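Subject: Structure handover and notes

Hello,

Here is the structure you asked about. My notes follow below it.

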Amino acid sequence: MISVITSLLIGAIFIAAIGQNPLEVYLQLFSQTLGNTYGIGQVLFKATPLILTGLSVAIAFKAGLFNIGAEGQLNIGAFASAWVGFTFVTMPWYILIPLSILAGFIGGALWASIAGVLKAKFGSHEVINTIMLNFIALALVSYLVNNIYPVPATIHTPEISPNAWLQRFDVLTGIFKGSPFNLSFLIALAACLLMYYLLWKTPLGYQINTLGLNKGAAEYSKMNVKKLIMLSMALAGGFAGLGGLNFVNGYKHYLELGFSENAGYIGIAVALIARNNPWGIIIAAIFFGILEYGGLTINTLVPKEIITILQAIVILIMISINHFIAQSRYKKFNAGTANG
Amino acid sequence: MVFFVSSCGKKEGSTVTGKLKVGLVFDVGGRGDKSFNDAAYRGLEKARQELGIEFEYIEPGPGADREAALRQFANRSDISVIFGIGFIFTDEITKMAVEYPDKKFACVDYTVDTSKTLPPNLVAIEFKEEEGSFLVGAIAGYLTKSNKVGFVGGMESPLIKKFQVSYEAGVKHANPNCQILIGYAGVTGDAFKNPGKGKELAMGQYSDGVDIIYHASGVTGLGVFEAAREMKKFAIGVDSDQNDEAPGIVITSMIKVVDVSVYDIIKEVKDGTFKGGRVETFGLKSKGVDYVYSDKNKNMIPDEVRTKVEAIRKEIIEGKITIPVK
């Protein structure tokens with residue numbers, strides 16, 4: 001909370017510097033994001049993939065790995081979901097929807113596993129590998145969209161079968177009218193639950209936590225570290241891969257190049273702010289959703305570049321204040337928490 | 001809290017009722033690309049000065065922002081005309097036009113699908129970039145001394161491919177033995193705003209012996225000009241007259257009169273002659289696309305080349321040359 005207020009105040013100086021009234025800008029930002037159901041729907045729509053990429057980064061963090069590759073995993077997963085959707089058009093919805101979700105998970109998981117296997121078998125650093133894999137993934141998806149499954153004069157895949165649609169909440173409930181907020185949000189929440197259960201309630205989660213806190217201890221206690229690394233990366237990729245459902249199955253019903261809007265990279269910030277806690281990730285993702293959609297709502301008053309600067313300042317302050325609080329608590333109680 | 005008081009800035013376009021107000025949503029490159037988007041902005045500016053309209057604009061990111069931005073304007077009671085700038089708006093603007101039948105919509109570079117009818121409140125603006133690209137290709141083909149010319153595209157996509165393919169055809173038409181090197185800055189919308197990458201691609205091509213590069217890459221093209229300046233080579237601009245970006249280096253530019261198209265639509269609305277549901281095509285014939293030949297650059301295009309290119313123009317208009325687009 002302190003960090004939010006601090007960042008808003010610093011942001012106000014920037015807005016004032018370009019000759020706008022910060023109060024007016026903030027009023028517009030908050031009234032249009034949280035002041036009506038359409039705005040709330042837009043925020044939650046933006047938050048959905050961020051929850052999943054946040055989880056992806058967090059689970060890797062837990063195992064002591066830096067997954068910078070959520071962007072690539074998200075794109076590969078999204079393509080897999082779309083491919084299932086536009087290939088098996090005759091399947092009924094109760095098969096096609098689970099299949100499309102599964103394809104997203106497996107697509108992301110396989111892609112992340114490349115970095116996972118390289119790390120486990122050869123010890124090559126996952127940061128470099130996942131970054132490089134991001135470039136390859138984007139190029140690969142672009143090639144597939146432009147050359148293998150082209151739709152003339154567009155930059156998107158063919159449309160998926162209506163049987164693969166994840167319905168929009170405004171169609172289902174009548175509220176959030178006009179916003180593409182859809183059922184994939186529930187999938188994101190379920191993923192949070194799964195991550196919580198897995199990491200805190202199962203032996204596997206215990207092993208992953210141990211690996212992340214102290215690799216030496218994990219090896220010493222005869223854990224299969226290589227297997228754990230590969231498994232953690234695959235899980236991380238799987239979560240990120242589900243992020244495409246929001247746009248592909250829930251909104252446009254096709255994959256459009258550039259749809260991910262760097263959700264994979266913002267996921268890193270989401271995980272950092274939430275300190276890898278799955279419930280914190282939901283809140284952090286919604287916060288970023290407000291920033292993302294809010295930026296658009298004030299664009300008629302403030303140039304895009306200033307909005308980007310504002311967002312960056314907020315992230316910086318959030319992360320540093322978060323860290324500061326965590327540290328002072330650590331000193332105070334003289335005891336570490338698993339969430340470090 | 002001092003700055004709260006001191007900063008009561010003026011709001012662009014006050015809320016005088018009765019004035020026509022236009023909302024415009026830019027393409028990914030956004031304002032400041034000195035090219036496509038800025039051309040649309042010039043149209044707005046001209047309409048403000050000559051027709052006394054007011055306007056607001058939004059620069060959205062890729063993905064879901066386009067629909068949200070259009071909707072933001074459509075929900076405003078003071079805005080009556082809404083523009084989408086770029087082919088990428090095709091689906092969203094069609095949807096919005098159906099959802100908001102009381103508002104008027106126009107889309108530059110709209111991808112026309114002849115099997116569907118346009119909503120009655122939407123004008124699709126189409127440019128025949130292939131005709132202009134063919135002409136600048138021919139100019140490059142005639143002027144090259146190394147028999148090697150280049151092309152730098154922004155995002156690899158069917159639209160930019162059209163520029164590339166027709167440019168290649170133009171080069172070959174003028175100079176069948178000329179070699180053409182092709183480069184793309186990337187595969188996402190960001191590829192239109194990456195001058196660093198543009199410079200890198202252009203440096204590579206110039207080092208390979210290319211002496212003229214045509215770019216269709218938005219802001220990325222500014223990097224191509226930078227490379228040309230360093231290597232003392234030449235470039236061809238796109239969308240707007242880009243001569244001022246690098247005088248003496250930009251031989252010519254393939255211009256699309258995006259500004260005129262935006263202005264024309266606003267004028268129609270103002271005059272009450274706006275008619276939706278139609279496709280407005282701008283080609284060589286109507287001077288909707290062209291290459292720049294002005295006092296600033298005519299010393300770079302010799303008279304004999306000018307004559308040959310003008311002959312080609314005539315043939316294209318008469319339909320004697322068919323230009324490939326993919």
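Two strands are said to pair if DSSP finds at least two bridges between them. With that in mind, strand 5 of chain B holds B:Ala124, the bridge partner of B:Cys107. Please keep in mind throughout that this is a predicted model.

Confidence

The model scores are ipTM 0.84 and pTM 0.82. For chain B the mean pLDDT is 90, and 94% of its residues reach at least 70. The exception to note is residues 1-16 of chain B, where pLDDT stays under 50. For that stretch the model has 17 contacts beyond four places in sequence.

Strands of chain B

Strand 5 (residues 122-127) of chain B has a neighbour in strand 4 (residues 104-108) of chain B, and these two pair in the parallel sense over 4 bridges. Strand 5 of chain B is also joined to strand 11 (residues 278-282) of chain B, by 5 bridges, and that pair runs parallel. Within strand 11 of chain B, B:Thr281 stands opposite B:Glu126. Strand 5 of chain B is mostly covered, with 5 of its 6 residues buried.

Strand 6 (residues 148-155) of chain B is largely enclosed by the rest of the structure, because 7 of its 8 residues are buried. Strand 6 of chain B runs parallel to strand 7 (residues 179-186) of chain B, and 7 bridges join them. One of the bridge partners is B:Ile180 in strand 7 of chain B, which goes with B:Val149.

Domains of chain B

The domain assignment of chain B gives two entries: domain 1 covers 18-127 + 258-282, and domain 2 covers 129-255 + 293-317. Taken over C-alpha atoms, the centres of domain 1 and domain 2 of chain B are 28 Å apart. Their contact takes 12 residues from domain 1 of chain B and 15 residues from domain 2 of chain B. On the domain 1 side, helix 2 (residues 36-51) of chain B supplies the largest share, 3 residues. That side of domain 1 of chain B divides into 7 nonpolar, 2 polar and 3 charged residues.

Where the chains meet

Between the chains, 29 residues of chain B are in contact with 33 residues of chain A. On the chain B side, at least two residues each come from helix 1 (2-6), strand 2 (54-58), helix 3 (65-74) and helix 6 (158-174) of chain B. Helix 3 of chain B gives the most, with 5 residues. The chain B side divides into 14 nonpolar, 10 polar and 5 charged residues.

Chain A

A:Ile155 sits in the loop between helix 6 (126-148) and helix 7 (169-173) of chain A. Is A:Ile155 buried or exposed? A:Ile155 has 27 C-beta neighbours inside 10 Å, and therefore counts as buried; the cut-off for buried is 20 or more. Leaving aside neighbours within four places in sequence, A:Ile155 is in contact with A:Val145, A:Glu256, A:Leu257 and, in the other chain, B:Ser157. A:Gly258 is 103 residues from A:Ile155 in sequence, yet their C-alpha atoms are 9.1 Å apart in space.

Helix 14 (residues 278-297) of chain A is mostly covered, with 16 of its 20 residues buried. At 1.5 Å a residue, helix 14 of chain A should span 28 Å, and its end C-alpha atoms are 28 Å apart, which agrees.

Regards

Methods: Residues numbered from 1 in each chain as written. Chains lettered and ligands numbered in written order. Predicted model: local features only at pLDDT ≥ 70, side-chain atom pairs only at ≥ 80, totals over all residues. Domains from an automatic or database assignment. Contact = placed C-beta atoms within 7 Å. Nonpolar A, V, L, I, M, F, W, Y, C, P; charged D, E, K, R; others polar. Expected span 1.5 Å × (residues − 1). Buried ≥ 20, exposed ≤ 12 C-beta atoms within 10 Å, placed from the backbone. pLDDT = per-residue confidence, 0-100.
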